[in-house]
Structure formats: C-alpha cells, structure tokens
Amino acid sequence: MPNAGHCSECDKYVWIGKDGGCVNGHARSCIRGEYTAQPAPAGGPLPPVEVVHVDSVATPCESPSPGRRWSRRTIAIVAAVLVAVLGLGAWRAVVFIGERREQQSAVAYATQADAAAAVLRDARLSTVAALATGRFFDLAAVETRVDVLYGELSETRPPALFADYHTHLLGEARHLRSSISAARNGRHNEAQQEINAANREQEARLQAAEAIISGAE
C-alpha cells in the first residue's frame with residue numbers, strides 16, 4: 001500500500017511521492033506522521049486510525065525548485081572573519097549565504113577591509129602620539145601609507161552589503177589623511193579636529209558592521 005502523511009503546506013493528509021515529498025509538490029520536510037494508507041472514496045488517503053500529532057507551528061519547508069543551484073540543506077556558506085583589533089572593538093564572524101560569485105566578492109572585500117582597518121588604526125595611534133610628543137618627522141612614512149590606502153579605497157567598488165561600511169571606511173581614511181597633513185604643517189588644532197572626525201567615522205563604520213552581522217544571523 002502507498003504511504004501518506006500530513007503535509008504542513010497543504011494542511012491535510014496527502015500521498016507521499018517517490019521523492020518522499022508531498023505529491024502536490026511540497027518537500028519531504030513538510031511531511032509529518034508518515035503511515036501506510038488506504039485510499040479514501042473522495043480521493044486522497046484516509047487519515048490514520050491512530051491520531052498522529054502534528055506540530056501546531058509547522059517547521060518551515062521548501063518546495064522543490066529545479067532552477068535553484070543549491071537546496072537550503074546544501075547551500076554554500078562562506079564566513080569572512082575580520083579580526084582587526086580596533087579602538088572601539090573588533091569584528092565578529094560574518095556569514096554570507098548566496099551564490100558563489102557573491103561569496104568570493106564578499107570575502108575579497110572583507111580581506112581588503114581588514115587590512116585597511118589595521119593601517120588606519122596604526123595611523124591614528126602614530127598621529128595621536130606625534131601630537132602628544134611633538135615628534136612629527138615619523139609621520140612622513142605614515143602619511144605615505146595612508147595616501148596610498150585612500151587611493152585604493154577610492155577606486156574600490158564594494159559589494160552592496162558593504163556599501164555603508166565602505167563609505168565610513170573611506171571617510172575615516174580621508175580624515176586621518178587630513179589630520180596627518182595638518183600635524184606635519186604645524187596646524188595642531190586642525191589635526192586634532194580631523195582625528196575627532198575620523199573617530200566618528202570609525203564608530204559609524206563599526207555600527208554598519210554590526211548591522212551586517214545582524215542581517216546575517
């Protein structure tokens with residue numbers, strides 16, 4: 001005799017197909033209480049003799065879709081772990097679920113952003129130290145690194161997920177660049193103001209990171 005079960009999508013007892021799913025096209029994960037059934041006069045299976053418990057809140061299930069590359073059970077998950085130790089905190093792991101090309105793009109950008117954040121962290125510390133000690137000669141090499149980084153970030157087109165994050169990363173680099181230039185040219189008050197502006201961009205950047213993480217959970 002054929003098997004039947006309760007389909008959470010159809011909300012009734014249905015025949016089970018060869019693939020283990022509902023004959024109406026719903027996946028095997030929708031089926032509860034499988035049993036050997038007798039045909040009902042009106043079509044479909046007779047309910048089981050014993051009451052089969054069906055969860056009041058059905059487990060979400062998916063209908064088969066031939067056009068999809070992966071099912072939800074086998075979908076590729078790429079974690080981009082950014083471990084830049086920043087002044088206001090650190091990145092947590094971010095999980096991306098999607099097409100392989102999007103994953104690769106996100107991982108590539110995450111790697112670049114991690115390195116950029118480390119450069120900006122060091123530049124900030126060097127500039128603050130120079131303003132405190134009056135030793136500005138060492139800022140020449142720092143300024144060069146930040147100039148190069150700013151140029152690279154300006155030409156980078158981040159994945160859509162990172163658009164807001166990238167805007168603040170670029171703003172942070174721009175303000176640090178201005179701060180270093182002002183410090184080296186004796187405009188110390190301006191340099192401190194630019195440091196403060198860079199700190200605000202950093203805080204906004206970390207908030208954007210938290211938004212990305214929350215969306216991926």
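The exercises below work through a predicted model of one protein, each with a stepwise solution.

**Exercise 1. Overall layout**

Task: State how many helices and strands the protein has, and in which pattern they follow along the sequence.

Solution: 
- Step 1. The protein has 4 helices and 7 strands.
- Step 2. Along the sequence the pattern reads β-β-β-β-β-β-β-α-α-α-α.
- Step 3. The protein has 217 residues, of which 37% count as buried.
- Step 4. Take the contacts between residues at least 6 apart in sequence; 59% of them join residues at least 24 apart.

**Exercise 2. The sheet of S1, S2 and S3**

Task: Give the strand order of the open sheet of 3 strands and find which strands stand at its edges.

Solution: 
- Step 1. The order is S2-S1-S3, and the pairing is antiparallel.
- Step 2. S2 (12-15) and S3 (31-36) each have a single partner strand, so they stand at the edges and one side of each lacks a neighbour in the sheet.
- Step 3. On average, neighbouring strands of this sheet are turned by 30° against each other, direction ignored.
- Step 4. S1 (residues 3-7) pairs with S2 over 4 bridges in the antiparallel sense. S1 also pairs with S3 over 4 bridges, again antiparallel.
- Step 5. Now consider burial. In S1, 4 of the 5 residues are buried, so the strand is largely enclosed by the rest of the structure.

**Exercise 3. Packing of H2 and H3**

Task: Decide whether H2 and H3 are roughly parallel or roughly antiparallel to each other, and describe their contact.

Solution: 
- Step 1. H2 (residues 139-155) and H3 (residues 163-184) pack at an angle of about 150°, and their axes are 9 Å apart.
- Step 2. Angles over 145 degrees count as roughly antiparallel. H2 and H3 are therefore roughly antiparallel.
- Step 3. The crossing in which H2 passes H3 is left-handed.
- Step 4. Residues of H2 in the contact include Leu-139, Val-142, Val-146, Tyr-150 and Leu-153. Those of H3 include His-166, Leu-169, Leu-170, Ala-173, Arg-177 and Ile-180.
- Step 5. Sorted by class, the contact of H2 with H3 has 11 nonpolar, 3 polar and 5 charged residues.

**Exercise 4. Two residues compared with the cut-offs**

Task: Classify Pro-158 and Arg-124 as buried, partly exposed or exposed, and list what each touches.

Solution: 
- Step 1. Buried means under 20% relative accessible area, and exposed means over 50%.
- Step 2. Pro-158 lies in the loop between H2 and H3. Its relative accessible area is 23%, so Pro-158 is partly exposed.
- Step 3. Setting aside residues up to four places away in sequence, Pro-158 touches Tyr-109, Ala-163 and His-166.
- Step 4. Pro-158 and Ala-106 are 52 residues apart in sequence, with 8.0 Å from C-alpha to C-alpha.
- Step 5. Arg-124 has its place in H1 (residues 100-133). With a relative accessible area of 11%, Arg-124 is buried.
- Step 6. With residues up to four places away in sequence not counted, Arg-124 touches Glu-172, Leu-176, Ile-195, Ala-198, Asn-199 and Gln-202.

Technical notes:
Residues numbered from 1 in each chain as written. Predicted model: local features only at pLDDT ≥ 70, side-chain atom pairs only at ≥ 80, totals over all residues. Heavy atoms only, no water. Axes fitted to C-alpha atoms, helices over the stretch in contact; angles between N-to-C directions. Helix = DSSP H or I, 4+ residues; strand = E, 2+ residues; numbered from the N terminus. Parallel < 35°, antiparallel > 145°, perpendicular 65-115°, else oblique. Left-handed = near helix turned anticlockwise from the far one by under 90°. Contact = heavy atoms within 4.5 Å. Nonpolar A, V, L, I, M, F, W, Y, C, P; charged D, E, K, R; others polar. Buried < 20%, exposed > 50% of the residue type's maximum accessible area, 1.4 Å probe, protein only. Pairing = 2+ DSSP bridges.
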